[in-house]
Amino acid sequence: MKRWLVALERRGAAPSTAGWVALGVGLFCFLAGTNTLSGWLFAIAGLCWALLAIAAIRVRQGAKGVTVQPLPIPPNRAGEKISISTDITNQGDRDRALFSLWPNLPAGLTLETVPAVATLTARQSQLLILQANAPQRGVYEWAGWWIRTGAPLGLWWYRRWLAAPGQAVVYPRSVPLATCPLLLAAAGRAETSQTRLRTSYRDAAQGETRSLRPYRRGDALRLVHWRSSARYGELRSRELEMTGGKRPLAIAIDTTPGWQSADFEQAAIAATSIYLWSKRQEIELAMRTPSGEVRGDRSVLTALAAIQPDTPSASVPEVPVLWFTWNPQSLIGIAVDSYWFGWGRGFPRDGRGLCIDPSRDLRQQLQALPGSR
């Protein structure tokens, strides 16, 4: 029934509750007048139907001339509210009153409320802001907006489609990490101490220190060697030697069928958390997807938001990666200096990975030493 009424609203107009009452009163008075031949009953029926006819014509005019211009939506994280903003403009010569406007959101996004615009005068623009809930990560797209009105008499509902594409990117949640030994080991920045792993290039921008030279304007402060600067009485900067033995590191999530839904979402959270921590540690980290490699904060986080299980996956990466998988057999194909995070049973305890238990705290497990359980 609801679908039928919506179809009527789109193609012409659908009676409102008051409209159904007016239709019923008009029909009752007409039938009663037919039996009693009372003129006043025919007059009431004619009045009801005349009001319905006038309202049906006017309600269609009430939505004409209204256009929308959606504004870009900044990325959000799962669980946060999304602000969807648009400029609405009345391009007609008459005022438009009492109408609702909302985007045709896909499944996964829900509007908190659908606000009503009281009045939009001729040639006027107005900013409309709606709040939507996004409990899950993803890249959500929609093709347009709906405008719905019952003005001026409220006897009919009319709905009109406004083509205006929109997109909302919802990043995965993340957990705050104090360290990630597995990432440090994969990046070649781990020490052999069992109590802690710390970076061997901590104070360098890239590579190892080759020599010292006087500070030049524009040198990064992290390149200043403070101990030598104090000894010589002037700022001294490090000359760095590029290390070519280590290839760039990337995150890669196994998208072959077999994932439990909750485990895959936890893998996306873990990958996001590790990537954000790598940025704070100045570790260069990319992401490999079935369609190729992406770099840059926004591109990587968008890829993590969009990736889904049970999609065609490229071959197991042959370059060093942090491999997130449900399948122990996939470890055979990864590069020798790759490391892994596994969800499920059958993973080896070889010091190159961590087996994640979904029932335990994810933050503590990501901060554990490789090979621990």
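Me: Which helices each supply at least two residues of the nonpolar patch?
Reply: In this predicted model, α2 (17-36) and α3 (39-61) each do so. The most is given by α2, with 3 residues.

Me: What makes the nonpolar surface patch?
Reply: Leu27, Phe30, Leu31, Phe42 and Trp49 make the patch, which covers about 440 Å². Residues of a patch must have over 30% relative accessible area and no salt bridge, and nonpolar side chains are joined within 5 Å.

Me: Why is Trp49 called partly exposed?
Reply: Trp49, a residue of helix α3, has 35% relative accessibility. Buried would require under 20% and exposed over 50%; the value for Trp49 therefore counts as partly exposed.

Me: Why does Cys180 count as buried?
Reply: The cut-off for buried is under 20%. Cys180 has 0% relative accessibility and therefore counts as buried.

Me: Why does Cys355 count as buried?
Reply: Its relative accessibility is 17%, and buried means under 20%. Cys355 therefore counts as buried.

Me: How many disulfides does a search of the whole structure find?
Reply: The search finds 0 disulfides. A disulfide would need a pair of cysteine sulfur atoms within 2.5 Å.

Me: What is the order of the open sheet of 4 strands?
Reply: The order is β2-β4-β8-β6, with antiparallel pairing. The edges are β2 (66-70) and β6 (110-111); each has a single partner strand, so one side of each lacks a neighbour in the sheet.

Me: How do you know that β6 and strand β8 pair?
Reply: Pairing requires at least two bridges, and β6 and β8 (residues 125-133) have 2 bridges in the antiparallel sense. Leu111 has Ala132 in β8 as its bridge partner.

Definitions and conventions: Residues are numbered from 1 along each chain as its sequence is written. This is a predicted model: local features need pLDDT of at least 70, side-chain atom pairs count only at pLDDT 80 or more; totals for chains, interfaces and linings use all residues. Side-chain values use heavy atoms; hydrogens and water are left out. Patches are made of residues with over 30% relative accessible area and no salt bridge: like charges are joined within 9 Å, nonpolar side chains (Val, Leu, Ile, Met, Phe, Trp, Tyr) within 5 Å. Accessible areas come from the Shrake-Rupley method with a 1.4 Å probe; for residues, only the protein chains shown count as cover. A salt bridge is a side-chain nitrogen of Lys or Arg within 4 Å of a carboxyl oxygen of Asp or Glu. Buried means under 20% relative accessible area, exposed over 50%, partly exposed in between (1.4 Å probe, protein chains only).
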